Each structure stands twice: as C-alpha cells, then as structure tokens.
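Here are my notes for you to read alongside the model. Keep the structure open and look up each element as you go.

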Amino acid sequence: MNPAATSVAYLGPAATFTQEALLTQADLAGAQLQPMGSITAVLDAVARGEAPLGFVPIENGIEGTVSATIDGLIHDVDLQIQREVVMDIHLHLMARPGVGLDDIRYVSSYPHALAQCQKFLAETLPGVEERAANSTADAARALREDGGDGAAIAPRLAAERYGLALVAEDVEDHPENQTRFVLVARSRVPRPSGHDKTSIVCFQRADHPGSLHGILGQFAARNINLTKLESRPTKQGLGDYCFVIDLTGHIGDEVVADCLRDLHASLAEVKFLGSYPAAGEHGAEQRRQADAAWQAAEDWMRGLRESVE
C-alpha cells in the first residue's frame with residue numbers, strides 16, 4: 001500500500017484513541033485521514049468506495065465487544081479485516097496551562113472514560129462535578145475553547161492537539177485496559193504473515209442440542225486454537241444467535257481452509273470476515289505443525305485413492 005495514494009476513514013473526531021492507535025501504524029500515519037462521526041459512517045464509507053480503508057475499535061478489555069463494529073460487519077457491510085492493532089488505554093487529566101488540582105471545579109469526558117476513573121476522582125477530586133462529553137477528544141476541545149476552571153480526561157494526543165497541560169497522568173482505575181482496533185477494506189485478503197488470525201461468523205440451520213459442540217469440534221479435531229468465541233443476535237428473532245469466532249491461522253493454511261470448508265458444508269452460512277496479521281509477537285510453530293500434519297494426512301489419503309481400481 002502506498003500511503004500517499006490512499007486515505008483512511010476512522011472514528012473521529014481528531015485526537016481520539018482511535019486516531020492515536022492509527023498513528024502507531026507507520027504505513028497509515030502518512031495517509032489522508034478522514035475523521036467520521038460514527039462507526040457506522042466509517043463502515044459505510046468503505047463499503048460505498050468513498051474511502052479505501054476504514055479504522056475502528058472492535059473490542060475493549062473492560063467493556064467488551066464494540067457492538068456497532070461487529071454487528072455492522074456481520075449484518076450491514078461486506079468488508080474484510082486487514083489487520084488488528086491492540087493498544088494500551090491510558091487516560092490523563094488535563095487542563096489549561098496554569099490550572100492545578102486545587103483549581104479544578106469540574107471534570108468532563110466521555111461517560112465510559114469517566115466511569116473508568118472513578119477511584120481516582122473519588123480520592124483526588126472528591127465532590128467535583130462530572131460532565132459528559134460526546135468523546136474524550138471533544139471534552140479537551142471544549143475545555144480549550146470555553147476556558148474556566150475545568151479539566152478533561154482524554155488521551156495524551158488530545159492535550160497535544162488542543163494546547164492543554166497534563167495535571168495527572170494514567171488516572172484510569174484499570175491500567176491493564178486495552179482496546180483492539182481493526183483496519184477494514186473491500187474484498188482483499190492480506191498474504192500470510194506466519195502469525196495470522198482469521199475471523200468468521202457461523203449461522204446455524206437450527207438450534208439443537210450439541211450444535212455448538214459440533215462447530216467447535218471442527219477446530220478441536222484440527223488442533224486450531226480459538227482466540228475468541230462470542231454469540232451475537234441474528235436480528236431474526238429472540239433467541240436466534242450466530243457465533244463470531246476468531247481463530248489462529250490464515251485461510252491460506254491448508255488446515256484452516258479444510259476446517260472452513262467443512263463448516264460451510266454443514267451450516268446455513270459461514271461469513272468470512274478476513275485473514276490478517278495478528279497483533280503482538282507470537283511464534284507460528286504450533287500452526288506450522290498442524291499444517292504439516294494435515295498435509296501428511298492429505299498425502300496419505302491421496303495415496304489410498306490412487307490405489308482404487
């Protein structure tokens with residue numbers, strides 16, 4: 001990909017955690033960045049061809065799955081994940097230069113961010129008014145424009161963009177919190193990297209005892225590791241669910257392709273959400289061993305079939 005020749009739509013406004021994560025990717029940071037007002041707007045822009053790439057959050061370590069992203073990928077658009085980015089989430093208390101802790105009379109931020117800083121606020125700023133903002137970045141922007149004796153809880157990038165000073169750093173109650181973001185595009189599968197992940201959605205023909213066990217058995221039989229399994233409503237009726245599955249490996253791996261082939265044959269539908277480089281640094285030895293075992297079994301079966309007269 002040539003960053004100078006492409007653009008990336010992302011969940012805005014500017015200086016959000018989404019943009020902060022996007023800027024960690026060297027090949028994306030130099031692209032034309034298009035902040036959008038919602039996750040749906042990002043997905044739709046890519047689906048309509050208005051932007052070649054989209055970048056959105058899909059999962060948070062505390063709040064769980066980002067419903068707008070996963071439901072949009074399942075039901076509304078046909079896009080494929082190109083990569084995932086996992087970023088530590090750190091929240092900072094910021095104010096106009098010269099404003100100290102004793103001067104702060106209110107704190108504004110996105111409601112989820114305020115909720116993740118309750119211990120800090122109770123111990124450090126007891127009784128201070130909490131104000132909801134449309135986003136963490138918007139809280140910082142409004143603080144710069146409105147002035148006064150307030151503070152905002154937002155990413156470090158927001159302080160840099162809006163000329164605010166950090167009053168206290170890492171004020172979140174759970175410092176181990178992370179968010180997973182995904183880059184999406186239309187009908188494009190990246191080449192295997194040796195450390196990949198595949199995401200699919202499985203739709204059952206009918207719910208019956210052992211149906212989920214039958215799906216999971218396909219992965220267990222091939223020694224394929226699942227990194228995520230989640231049920232989501234199909235929007236077809238109460239109690240009707242599909243299963244979102246992240247698994248280790250790439251569609252280019254024979255063992256993964258064989259597994260998805262069997263699932264497609266036995267289920268009502270399997271929606272392919274992409275094979276893409278996984279975040280982090282992990283060895284691919286287990287995947288290589290499973291692939292070699294599958295190939296050995298395939299060679300064995302081919303030999304048997306060739307002996308048929």
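**Notes on the fold**

1. Let's start with a four-stranded open sheet: its order is β13-β14-β12-β15, and the pairing is antiparallel. Strands pair if DSSP finds at least two bridges between them. The strands themselves (E, at least two residues) and the helices (H or I, at least four residues) are DSSP runs, numbered from the N terminus. At the edges you'll find β13 (226-233) and β15 (269-277), each with a single partner strand, so one side of each has no neighbour in the sheet. On average, neighbouring strands here are turned by 15° against each other, direction ignored.

2. Before going on, a word on what you are looking at. This is a predicted model, in which local features need pLDDT of at least 70 and side-chain atom pairs count only at pLDDT 80 or more, while totals for chains, interfaces and linings use all residues. Residues are numbered from 1 along each chain as its sequence is written, and side-chain values use heavy atoms, with hydrogens and water left out.

3. Zoom in on β13 and its partner β14 (residues 241-248): seven bridges join them in the antiparallel sense. In the loop between β13 and β14 sits K235. K235 isn't a glycine, yet its phi is positive, near 70°. With 56% relative accessibility, K235 counts as exposed (over 50%; buried is under 20% and partly exposed is in between, using a 1.4 Å probe and protein chains only).

4. What lies across this sheet? Helix α9 lies across β12 (196-203), β13 and β14, running at about 15° to β14. Angles run from 0 to 180 degrees between N-to-C directions, and axes are lines fitted to C-alpha atoms, for helices over the stretch in contact.

5. Helix α9 (residues 211-221) also meets helix α10 (residues 254-266): their axes come within 9 Å and cross at roughly 160°. That makes α9 roughly antiparallel to α10 (over 145 degrees; under 35 is roughly parallel, 65 to 115 roughly perpendicular and the rest oblique). On the α9 side the contact uses I215, Q218 and F219, and on the α10 side C259, D262 and L263, where contact means heavy atoms within 4.5 Å.

6. There's a second open sheet to trace, with five strands in the order β8-β7-β9-β6-β10 and mixed pairing. Its edge strands, β8 (129-132) and β10 (165-168), each pair on one side only. Neighbouring strands in this sheet are turned by 35° on average, direction ignored. Strand β6 (residues 92-95) runs antiparallel to β10, and three bridges join them; A95 has A165 of β10 as its bridge partner. Helix α7 (residues 136-146) lies across β6, β7 (106-109) and β9 (150-154), at about 155° to β9.

7. Is strand β5 (residues 80-88) mostly buried or exposed? Seven of its nine residues are buried, so β5 is largely enclosed by the rest of the structure. It pairs with β11 (residues 178-185) over eight bridges in the antiparallel sense, and V85 has F181 of β11 as its bridge partner.

8. Finally, two backbone spots in loops. D170, between β10 and β11, has a positive phi of about 50° although it is not a glycine. P13 is in the loop between β1 (7-11) and α1 (17-22), and the peptide bond from G12 to P13 is cis, with omega near 5°.
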